[in-house]
Amino acid sequence: MYQFNYERPKTLADAEALLGKADDPKILAGGQTLIPTLKQRLAMPSDVIDIGGIKDLDFIRAEGDAIMIGAATRHATVAQSADVKKHNPALAALAGGIGDPAVRHMGTIGGSIANNDPAADYPAACLGLDAKIHTTKRLIEADEFFKGMFETALQDGEIIKEVTFPHPEKAAYMKFRNPASRYAMVGVFVSRGPWGVRVAVTGAGQNGVFRVNDMEEALSKNWSPEAVAGIKVPATGLNSDLHGSAEYRAHLVTVMAKRAVAAAG
Amino acid sequence: MPVVSMTVNGKPASADVEARTLLVQFIREQLGLTGTHVGCDTSQCGACVVHVDGRAVKSCTMLAAQAEGAEVLTIEGLAKNGELHPVQAAFREHHGLQCGFCTPGMIMTAIDMIRRNPGLDEETVREELEGNICRCTGYHNIVKAILAASQEMR
Amino acid sequence: MSDAASGEGIGQPVRRKEDYRFITGNGHYTDDINRPRQTFAYFLRSPHAHARIKSIDTSAAEAAPGVVAVFTGKHVANDGIGGLICGWTVTSKDGTPMKVGPHPILALDTVRYVGDHVAMVVAETLADARAAAELIEVDYEALPATVSLSSCQDGKAPQVHAEAPRNTCFEWELGNKAETEAAFAKADRVVKLDLKNNRLIPNAMEPRAAIGEFDKGTGIYTLHTTSQNPHVARLVLSAFVGVAPEHKLRVIAPDVGGGFGSKIFIYAEETACVWAAAKVGRPIKWTADRSEAFLSDAHGRDHLSHAELALDKDGRFLGLRVKTIANLGAYLSTFSAAVPTYLYGTLLSGQYDLPAIHVEVDGVYTHTAPVDAYRGAGRPEATYLIERIVETAARETGIDPAEIRRRNYVKTFPHQTPVIMNYDAGDYAASLDAALDAIDYKGFPARKAEAARRGMLRGIGFSSYIEACGLAPSAAVGSLGAGVGLWESAEVRVNPTGNIEVLTGSHSHGQGHETTFAQLVASRLGVPLANVEIVHGDTDKVQFGMGTYGSRSGAVGMSAIAKALDKIEAKAKKIAAHLMEAAVEDIVFENGVFTVQGTDKSLAWAELSLAAYTAHGFPSADIEPGLKEGAFYDPTNFTFPAGCHICEVEIDPDTGIVKIAKFVAVDDFGTVINPMIVEGQVHGGIAQGIGQALLEHGVYDADSGQLVTGSYMDYCMPRADDLPSFTLGFTKTECPSNPLGMKGCGEAGAIASPPAVINAVTDALGIREIEMPATPARIWEAAQAATSRAAAE
């Protein structure tokens, strides 16, 4: 790691102020992606602003027909939350399947979506559940938030405060893990709710999470695994590496979508 | 350099360290507690697992500063008055270790897993070990040891 | 025997003596050790697979904060320090010796693989060293690299070493070509198979580490290092590399966190640390991070083979011919030339009565990390080849895979194969039968049908393996090109209080020697296990020894201890006879008590031990004071562990995911000292074998020579949920060539399991071939291809 200044603000306002002052700051929430990146000397921030100690960012609230999750809420907390399990069991299951137990004890929802790793799980939940991302500056729809590999709509100095997930009627997430890294090689989140039907795919695309319109249309007409069984996403634009070709990933999107619909019931 | 203070195995620990100091470096280099190991640099092998405020974390993927004020438990802090923790005892009884290098992380992970999962079964143990790599045992006896310890601790 | 009754004797699952320190965090691995005033080393490594170094400018690095010194290949060469060596010379079929390129500690003018050592920075902290290394300016002229095994000899591929035209280190053969041709000429059927044995990266969980020290006052160097064989390291560093005279170099291998072969070898880093410690006058510590380990540990396997098996009309094997290209990487490592030759070709008879065998092996250089012994070393490659082609023969002849094996097993012993080995004992049908029972072979069709109803493809695969262990008779290996003898040494020291230290040349890095060796001693001398201490891993404490690899520590290391114990008993009896005023022939030693036959005179072990050192009234001409004996044991033959592994898999055709439904291993290791530890060795070996078959692959980019699988993000290590619990069984034929009847168990699992898994996978898919590792993607592609073939037919 290169040298950096470290700050651990207690409030969001302090965090914003520190971000404003620093030359080239990085926000650290749980650190499960940022710290490995720093260790590999792939980033050289002037300041690391640790928002993990801001109490106001660590909460889960069920209000009305949605669940609000604070940005610094750990994956394990989401996975074990009675509210999340009750209203959005697919989301709880997704959080409970990120990384490994130790990673889930540190990693946060805000960190995950702000980083927008193309193989991360939470972006699929956000896009697949029509989530709203609240930041220190504005509200961003999930559809507008994810801009490509490791890119989001966040601006400099903007901090995610919370993510709102409306309750789905039906939802499930199915993940095919990369055998080595255990990140999603293909993860498909399907849901039906007030927003209609959504199918969001993570892991497979070169530009990160994306929706599959053909599948959404088919499921809108007929919510059943068979409805998506015959729909293939084009292999163009999907990742291809030693773990599998783009064609294989395209095939897995269909298989995982089918299984997710079956699991959602 | 910032001063980082925490409680490690029940004793206060404090040191002036660079901000970039990892928790595992603090434990091994500042405190000389070398039971916690480093086996990879991509946060996957789990040889470095310790408990921070009662939860298993990878001490190679956490800054020491993030543990400011926390209660940290390492492998050295498990046995009380010379008596092994039931998970330590089970690893020996069921030959859940060979070279011993991954063992501290395995044991710390196992304790955390048993805490969170009453009524563990083999499949759950194997899934819960996703973040801990062992090259010697083929996991067979590690799984056996954890299941036995979870029975013991019920 | 009392010790057996108390649960500590031979054959008892004694809990390990070494465990307490490991489960309480009190082990002492090399990186846990810190020396006063120590500095830290960081190695600048080549980013290119092949490049000419036009210049190296270290001035900015030398001026960087905390830097103590920066060394390059020139400094090493100026000090007259030699390069690393290969301790085994293989001779080509034309009679010429293998062609060896230089292997400098730090590169001089050329780098030959990504990770090759370019410079060493020594600094006050590791962070300082690493930061300074980024300031070293190396002007490289990047050159095209040779990566592919299939084209590296075509004459157009870039040369790795000028000394080795066509990148060919040796063209070796074994067996009888004419007889083999004749066997094929009269065959009713010839089965052909092309095979790749995938490159593996060992990944002991403790990365390699070293601390070099120099004492100016005495001129003594000390090296703490992660070694499986510290004496061999000292010998190579002194006699060949020339770092220090042997008597002025102490090598200590403390607790070592797994080796699997990768810590046999003498590497550049520890050599540089010990050499440079004298230059800077302070201890130098180096610990690899995992990424460095991926780049610079010696890799394993990496063969490309074509095999043909000749059969008669009854499915009896008539002959085998094999052509293999074996990757040696960019430089020869310590034992690399022996692995694809004498540890491979000699095992190609498998468990079978195969009258004619001819094997040709080309050892080739590529711009990749050196390849050397990895758990099994040559024998897994041989077993994979023979067990894959036998399974293919079964399918092509329609003979049941168990039956075709049974029909061809060697059934009488000793059995001389056409490829050097003389099998001394075994009962291959017994292990097959036990394995068939354990897996419920008769019930397989029903299980397959049931799986099919769930949409799953179930398959079963066999592997009847044999290995040559107990390495090895010194005369035999000497005649085959080894630069060393492969005996082992032991010294048994009985202290005046009667407790015992055993100094062994074997090294324990997970095998549990501190327990099993003590079991032997306790059992022989009738003393409690707690009174026996096993000492190993320090050249200052222990007499010369050859170390631990090749499943040799039981069969060879313990045999040396047994031999020393014979001497201890003989001398103790002499002392007892003197003390009890009896004839030596009348002394009986049992359960730790000496008695005079036919009398009530007796002497306890502790009394005798004390008397040995008080030595009052010893007739000085006949009895020297003290009770300490040493022995060197040189085996008279290899040992031949063998057995049968059967794997049952279920494949999800939609995803290509393979689940190991059941894995049965029945092994014959001869005498077993501690079944708990032996089972643990088998479990670990099987896991590594399943890893090779389904998960692990060291991959270099075909053009750039960059290591694609350079971390656990891409190199797939077996995890707990990739594996099942294993079902083990044992049969026993004692090894006739050593006093304990032991054969060795450390590598069997890794040798036997890959073909069992791949035979099961191909059975499930109804296909002939699939490459290892059979990843989900490859399986899905194979299933797709099979489906479209079926549709076309």
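Predicted model: local features only at pLDDT ≥ 70, side-chain atom pairs only at ≥ 80, totals over all residues.
The domain assignment of chain C gives four parts, namely domain 1 (2-27 + 487-633), domain 2 (33-145 + 205-258 + 263-296), domain 3 (158-196 + 299-407) and domain 4 (424-465 + 638-793).

**Domain 2 and domain 4 of chain C**

- The C-alpha centres of domain 2 of chain C and domain 4 of chain C lie 38 Å apart, and their contact takes nine residues from domain 2 and eleven residues from domain 4.
- About 760 Å² is buried between domain 2 of chain C and domain 4 of chain C, with carbon and sulfur atoms giving 60% of that area, and on the side of domain 2 Val114(C), Met205(C) and Phe294(C) supply 55% of what is buried.
- Between domain 2 of chain C and domain 4 of chain C there are zero salt bridges, while two residue pairs are in polar contact; the side of domain 2 that touches domain 4 has seven nonpolar, one polar and one charged residues.

**Chain C and chain B**

- In this interface, 51 residues of chain C are in contact with 42 residues of chain B, and Ile23(C), Met205(C) and Ala720(C) lose the most area to chain B, together 18% of what the side of chain C buries.
- The area buried between chain C and chain B is about 4,000 Å², of which 55% comes from carbon and sulfur atoms.
- Four salt bridges are counted between chain C and chain B, including one between Arg28(B) and Asp31(C), whose closest N and O atoms are 2.8 Å apart.
- Helix H18 (675-695) of chain C is among the elements that give two or more residues to the side touching chain B, and H18(C) gives the most, with eight residues.

How values were computed:
Residues numbered from 1 in each chain as written. Chains lettered and ligands numbered in written order. Heavy atoms only, no water. Contact = heavy atoms within 4.5 Å. Buried area = accessible area lost by both parts, 1.4 Å probe. Salt bridge = Lys/Arg side-chain N within 4 Å of Asp/Glu carboxyl O. Helix = DSSP H or I, 4+ residues; strand = E, 2+ residues; numbered from the N terminus. Domains from an automatic or database assignment. Polar contact = N/O pair within 3.5 Å; in protein donor to acceptor, adjacent residues only side chain to side chain. Nonpolar A, V, L, I, M, F, W, Y, C, P; charged D, E, K, R; others polar.
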